[in-house]
Amino acid sequence: MAILLQLLLSGVALGMIYAVIAFGYQSTFATSGTLNFGQGEALMLGAMVGLSMAGNVAGGPYINYWAMIPIVLIFGALQGAVVERIGVRPAIKTKSEFGWIMSTIALGIIFRNVAENVWGRDDMPFPSPLPTDPLHIFGASVLPMELLVVVGAIVMMVGVEIFNRRSIYGKAVVATSTDRDAAGLMGINTGLVITFSYALSSATAAFAGVLIAPITLTGASMGAVLGLKAFAVAIIGGLNSGLGVIVGGILLGVAETTTGFYISTGYKDVPGLILLLLVLSVKPAGLFGKSVIKKV
Amino acid sequence: MLEVKNLTAAYGQVSVLHGVSLKVEKGQLVTLIGSNGAGKTTTMRAISGMISPTGGEILLEGKSIGGLASHQISKLGVAHSPEGRRVFPTQSVKDNLLLGAFSRLTFGRERGDVEGDLDRALDLFPRLRERKDQLAGTLSGGEQQMLAMARALMLKPEVLLLDEPSMGLAPILVEEVFHIIKRLKQEGVTMLLVEQFAAAALGVADYGYVMENGRIAVEGPAAQLQNDPKVKEAYLGGGH
Ligand SMILES: Nc1ncnc2c1ncn2[C@@H]1O[C@H](COP(=O)(O)OP(=O)(O)OP(=O)(O)O)[C@@H](O)[C@H]1O
Ligand SMILES: [Mg+2]
């Protein structure tokens, strides 16, 4: 029982990371109908930049973990804006239907190569800002860092939701997502909103990177698999459902930890993919996805 | 106030407007009528920047705005209540209205009294006041139309473009909409109105243009067009 609880808790922590990255996929998809397939690399860059500041790889640590987070968020936002400007905007302008797929993948590969050259190919440990002794909850042992992952992910998603509902800028983002032409008539610079959504999506990925790095290892290749799995979560949960990615993320996270323990770690990636195939065949819009109905 | 000179526009390779010229003076209500597919909506879209004109000039208070992006034109004071309402269905009535004032709330345009104007808009459309917190997508068609008008007013525009505000409304609501248009005119709002109900539109307008196949076919003071035998025969039959 204690073991199952432990697997569930670890699965939830992992799932929340997937959810945060998937949330980033959703944010660009909502405003522009495009996705940043370099999300995994945005996560990796966030973790690497964070490690360079708060770790000892570049002669540091220069600042502590908590002070590093806002800088990583800003870095992520800038990186996302760059991806949008050079990779996505030209494709949207020329109405090239698939150009953005190739260009975001290409930029992701470039980022990974740059990271390999700057930081090397080896994985590095990321110093944990919290005690590394596990806490005991009903017999299950949980890393404090895992709790931080869950709390951080929730704070971030709730924060964005409040921004969207309360501030006029957030309302403009929502308006752009539902009807770009009508949003333009309101005086909203919808091109800038799309750039913003890319900045937001990379910033959330970078945030996920520094949240998960102390639990896993940090390295140039850490993002690829996470980015892909989070993409599966976005599809499973639905590309337009905030609740969907949380449920989808937790489903996948728990499926992985339990399979890893009860069957074999060699098969831990399989249940997620089976889940993905199942959802795609039964409910292509995702578990919580809705095909938007517009009143004419 | 607003002057369109020799405007041409196209969708892809298909040219739709072949040299449209019209003028709306400050405080005037000008109507643009004509049969389906004549190019009325396209003219409005070109003015508000939803599409880029292929030629001609669009002047707002003497300043050229042709080819600017729609968000820039909106900041200069052109509000457009588009064909098909286009309210934001997942947001509340109040949020839709605040979005209408986006430029005013974000330093793009003089702020003025946004809260007061919100209140006045809800006075003008009491049905909306009752449904202030309801999602716009759950409003009836007629209520959505009123919301689209109210939202456009929230810009405190120099010129208000209304594209078929009566579309799909029950007769009693059509009357209400025209009543509101009259009231706006009394308050001095400059308007360009596209309408199916040509007789009613000419009834409230100062000046009218009749469009055919992407061109202005006839123009004149509204009272004069109302009695023009050609206009009467083509557009004012059917007893609206
Ligand atoms: N988005 C579009 N793509 C291609 N062609 C279009 C588009 N919108 C309008 N058209 C065409 O342009 C012409 C003018 O259309 P427009 O909508 O301006 O007419 P309208 O006068 O507003 O008609 P209605 O009274 O039916 O609203 C029509 O032939 C129409 O088929
Ligand atoms: Mg029309």
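How many Å separate a polar side-chain atom of B:Thr41 from an oxygen atom of ligand 1? The views below start there. This is a predicted model, in which local features need pLDDT of at least 70, side-chain atom pairs count only at pLDDT 80 or more, and totals for chains, interfaces and linings use all residues. Residues are numbered from 1 along each chain as its sequence is written, chains are lettered from A and ligands numbered from 1 in the order in which they are written, and side-chain values use heavy atoms, with hydrogens and water left out.

**View 1. Polar atoms of chain B beside ligand 1.** For B:Thr41, the gap between a polar side-chain atom and an oxygen atom of ligand 1 is 2.7 Å. The protein covers 60% of the 630 Å² of accessible area that ligand 1 has on its own (Shrake-Rupley method, 1.4 Å probe). B:Lys40 also has a polar side-chain atom 2.7 Å from an oxygen atom of the ligand. Over at B:Tyr11, a side-chain N or O atom sits 3.5 Å from a nitrogen atom of ligand 1.

**View 2**

**View 3. Where chain A meets chain B.** Chain A brings 20 residues to the contact and chain B brings 28, with contact meaning heavy atoms within 4.5 Å. About 2100 Å² is buried between the two chains, and carbon and sulfur atoms give 63% of that; this is the accessible area (1.4 Å probe) lost on putting the two parts together, summed over both.

**View 4. A salt bridge between the chains.** There are three salt bridges between chain A and chain B, each a side-chain nitrogen of Lys or Arg within 4 Å of a carboxyl oxygen of Asp or Glu. One of them pairs B:Asp95 with A:Lys171, whose closest N and O atoms are 2.9 Å apart.

**View 5. Two Asn residues with positive phi.** B:Asn6, in strand β1 of chain B (residues 2-11), isn't a glycine but has a positive phi of about 55°. B:Asn213 is no glycine either, and its positive phi is about 45°. Look for B:Asn213 in the loop between β9 (207-212) and β10 (215-221) of chain B.

Conventions. A polar contact is a pair of N or O atoms within 3.5 Å; within protein, one must be able to donate a hydrogen and the other to accept it, and residues adjacent in sequence count only if both atoms are side-chain atoms. Helices (H or I, at least four residues) and strands (E, at least two) are DSSP runs, numbered from the N terminus.
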